[in-house]
Amino acid sequence: MESAEATRVSMDEITALAKRRGFIFQSSEIYGGINGFWDYGPLGAVLKRNVKNAWWRDTVELRDDVVAFDSSIVMHPLVWKASGHADVFHDVMVDCKVCKHRFRLDHLKNRAQCPDCGSKDSFTEPRNFNLMMKTFVGPMEDTSSVAYLRPETAQGIFVNFKNVYQTARKKPPFGIAQIGKSFRNEITPGNFTFRVREFEQAELEYFVPDDGRDMGVFREWVDRRKRWYSDYGISAERLRFYELTDAERPHYAKAGIDVEYLFPWGWGELESIAHRTTYDLDAHMNLSGKDLKFFDEASKSHYTPLLIESSAGMDRTALTFLIDAYERESGVDPNGKTVERTVLRFHPSIAPVQAAVFSLARNREDLVERARAIEKALRPNFRTQYDEGNIGQLYRRQDEIGTPYCVTIDHQTLDDATVTVRGRDSMLQERVQASQLETYLRHRLTGAPAE
Ligand code: ATP
């Protein structure tokens, strides 16, 4: 079953569609690209924004116990010393002295021979390769000005823990969330936008008192994240919540779950949810000498809260939505002919375009004018797009970008003020009063009442 599911769609199909329809382009393409970096086109940028908004809505806006945060990408280098990234955030690498290729030691099956050029005993001694991207701050490029682009957003939250709880007047249990760019100099970027060198993370750091409720809170967040994927339509059979064993977790973590999706190349991690005890706040208190404990007014005591973290990659999640929504199927076109089509079955909140409005004829000014007016009226409430021309081609295009509804303005519209609405999934067409269109769409796109 695993292989059947995994081969449902190939990465070639996904990357071709992403490029053809303007979801994702290779970064710096006209100069030959740069490995591990990607650009989001007009539809991809909206897709990723929708994914982030969906996360933000559920994790921050719908909770009274989670506050927003946005920390800087470059921080004091000691932040990375305390977090361990400066010392242990690395892969062990060897170089082939003949072809100069660099390999991860744990990826080499046979250390006697270079898999690339076949040379024997050509490897250098294993060396640590730090994954943090280095830069210089200020005009001097010397060791005193070295800084790093953050490899995760979480540390910005930890070092501000006291600032936040004092100013937001929160006490554990409460959370701090942020979405932002992270950078990792991955040795082997690949699988499209799955493993990249610049990416966005959505992280929730949820602080709880050490009063025995911590594992319950951990389970609640796992359940909430499970529900989130399901609410936005990710197939349950291609998603799993893998519980890390004691041996697989870092020594300080009390529990950990990897959220994994069945990609065309196999299972891959989307998110990790972890009970990190007091490890992160302790590490910063030890190195900075500053007190980051919570002061409980009621008991007049200081304590270090426990931490439950959910850390999800937004690029991987956007890619997952794209892959999961993808289907090739036979359908019936408006003339009753069977056609092969590609359709992205996005959830309406995730779809870059929610309603496309067409004029059936390009050269009929009255139809074009009417269609444009209808699109403009819908625009404040939905993500819309205007187009015109051959209806079959228009439908095919909107199916391929996952637009849930297409609205067509034709000659009859001028007579009786009705329009044709065609559903992406059912491919059924209905005549709807133009005056009722907004209610009709709102009901179907957001679940709002039909009247
Ligand atoms: P992996 O094992 O795949 O390298 P990780 O365990 O190092 O990932 P974390 O440090 O737990 O990842 O980061 C949390 C999330 O950030 C991951 O689940 C993933 O969604 C995202 N992420 C991490 N590294 C990358 C990357 N190079 N490209 C895209 N997303 C990433």
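## Cavity, pockets and helix packing

In the lining of the largest cavity, the residues divide into seven nonpolar, two polar and one charged (Ala, Val, Leu, Ile, Met, Phe, Trp, Tyr, Cys and Pro count as nonpolar, Asp, Glu, Lys and Arg as charged, and the others, Gly among them, as polar). The model is predicted, so that local features need pLDDT of at least 70 and side-chain atom pairs count only at pLDDT 80 or more, while totals for chains, interfaces and linings use all residues. Residues are numbered from 1 along each chain as its sequence is written, and side-chain values use heavy atoms, with hydrogens and water left out.

**Exercise 1.** Find the volume of the largest cavity, and work out which element gives the most to its lining.

*Solution.* Begin with the search of the whole structure, which finds one cavity of 30 Å³ or more (on a 1 Å grid over the protein atoms alone, a cavity is a set of points where a 1.4 Å probe fits but cannot get out, a pocket is an open set with protein on both sides within 12 Å along at least five of seven lines, and lining residues have an atom within 4 Å of a point). The volume of the largest cavity is about 40 Å³, a volume being the space filled by probe spheres set on grid points that are joined across faces, edges and corners. Next, list the residues that line the largest cavity, namely Phe23, Ile24, Tyr40, Gly44, Leu47, Thr193, Asp315, Ala318, Leu319 and Leu322. The most comes from α10, with four residues.

**Exercise 2.** Describe how α10 packs against α3 and against α2, and give the class of the residues in each contact.

*Solution.* For the pair α3 and α10, the angle is about 110° and the axes lie 9 Å apart (axes are lines fitted to C-alpha atoms, for helices over the stretch in contact, and angles run from 0 to 180 degrees between N-to-C directions). This angle makes α3 roughly perpendicular to α10 (65 to 115 degrees, with under 35 roughly parallel, over 145 roughly antiparallel and the rest oblique). In the contact (heavy atoms within 4.5 Å), Leu47, Lys48, Val51, Lys52 and Trp55 of α3 meet Met314, Asp315, Thr317, Ala318, Phe321 and Leu322 of α10. By class, the contact of α3 with α10 comprises seven nonpolar, one polar and three charged residues.

For α2 (residues 11-20) and α10, the angle is about 105° and the axes are 11 Å apart, which makes α2 roughly perpendicular to α10. Here Met11, Ile14 and Ala18 of α2 meet Leu319, Leu322 and Ile323 of α10, and the contact of α2 with α10 has six nonpolar, no polar and no charged residues.

**Exercise 3.** Are α3 and α8 oblique to each other or roughly parallel, and which residues make their contact?

*Solution.* Helix α3 (residues 42-61) and helix α8 (residues 214-231) pack at an angle of about 140°, with their axes 11 Å apart, and α3 and α8 are therefore oblique to each other. On the α3 side, the contact is made by Val51, Ala54, Trp55, Asp58 and Thr59, and on the α8 side by Trp221, Arg224, Arg225, Arg227 and Trp228. The contact of α3 with α8 consists of five nonpolar, one polar and four charged residues.

**Exercise 4.** Characterise the lining of the largest pocket and of the second largest pocket.

*Solution.* The volume of the largest pocket is about 1300 Å³, and among the 45 residues that line the largest pocket, Phe89, Glu152, Arg184, Glu269 and Ser272 are the closest to its centre. Elements that give two or more residues to this lining include β10 (198-208), β13 (266-275) and α10 (314-325), and the largest share, six residues, comes from β13. By class, the lining of the largest pocket has 18 nonpolar, ten polar and 17 charged residues.

The second largest pocket has a volume of about 220 Å³, and among the residues that line it are Asn50, Trp56, Arg57, Tyr232 and Arg383. Its lining comprises four nonpolar, four polar and three charged residues.

**Exercise 5.** Locate Pro173 and Asn191, and describe the backbone at each.

*Solution.* Most residues other than glycine have a negative phi, and most peptide bonds are trans. The peptide bond from Pro172 to Pro173, however, is cis, with omega near 5°, and Pro173 lies in the loop between α7 (161-168) and β9 (174-183). Asn191, in the loop between β9 and β10, has a positive phi of about 55° although it is not a glycine.
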